[in-house]
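Have a look at the model, then read on.

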Amino acid sequence: MKNEFSMRPNLNFVISEPFISLDEYCRRTGICKRTARQMCKENRLPIRKKGGVNELVEINMLALIVEAASDYHITMQA
């Protein structure tokens, strides 16, 4: 049986919470709330779809991880 080795590293991500509140995201990243809200308006931060205007804004952490992994893959190919 032939062994094939890949130069591509295996990436493992652990996501404890798929969605976190905007306040918690700001606390974890150190980004001010005004900047994070602007990033949401500009679609630079993926959020959970809201049912109404006054609902809690939740950041989609899974989408951020997938985006980071795809950016890493593109960088490794270049």
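Among contacts (heavy atoms within 4.5 Å) in the chain between residues at least 6 apart in sequence, 47% join residues at least 24 apart. Bear in mind that this is a predicted model: local features need pLDDT of at least 70, side-chain atom pairs count only at pLDDT 80 or more, and totals for chains, interfaces and linings use all residues. Numbering runs from 1 along each chain as its sequence is written, and side-chain values use heavy atoms, with hydrogens and water left out.

**Whole chain**
- You'll find 3 helices and 2 strands, in the order β-α-α-β-α along the sequence; helices (H or I, at least four residues) and strands (E, at least two) are DSSP runs, numbered from the N terminus.
- Of the 78 residues, 18% count as buried, meaning under 20% relative accessible area with a 1.4 Å probe, protein chains only (exposed is over 50%, partly exposed in between).

**Helix α2**
- Ala-36, Met-39 and Cys-40 are the buried residues of α2 (residues 33–41).
- They sit on the same side of α2 because they cover an arc of only 100° around the axis, taken from the directions from the helix axis to the C-beta atoms.
- Their cover includes α1 (22–29) and β2 (58–60).
- Exposed Arg-34 and Lys-41 are on the face turned away from the buried side.
- After α2 comes Asn-43, with a positive phi near 60°.

**Met-61**
- Met-61 belongs to helix α3 (residues 61–77) and counts as buried because its relative accessibility is 19%.
- Leaving aside neighbours within four places in sequence, Met-61 touches Glu-17, Pro-18, Ile-20 and Tyr-25.
- The C-alpha atoms of Met-61 and Ile-15 are 7.6 Å apart, though the two residues are 46 residues apart along the chain.
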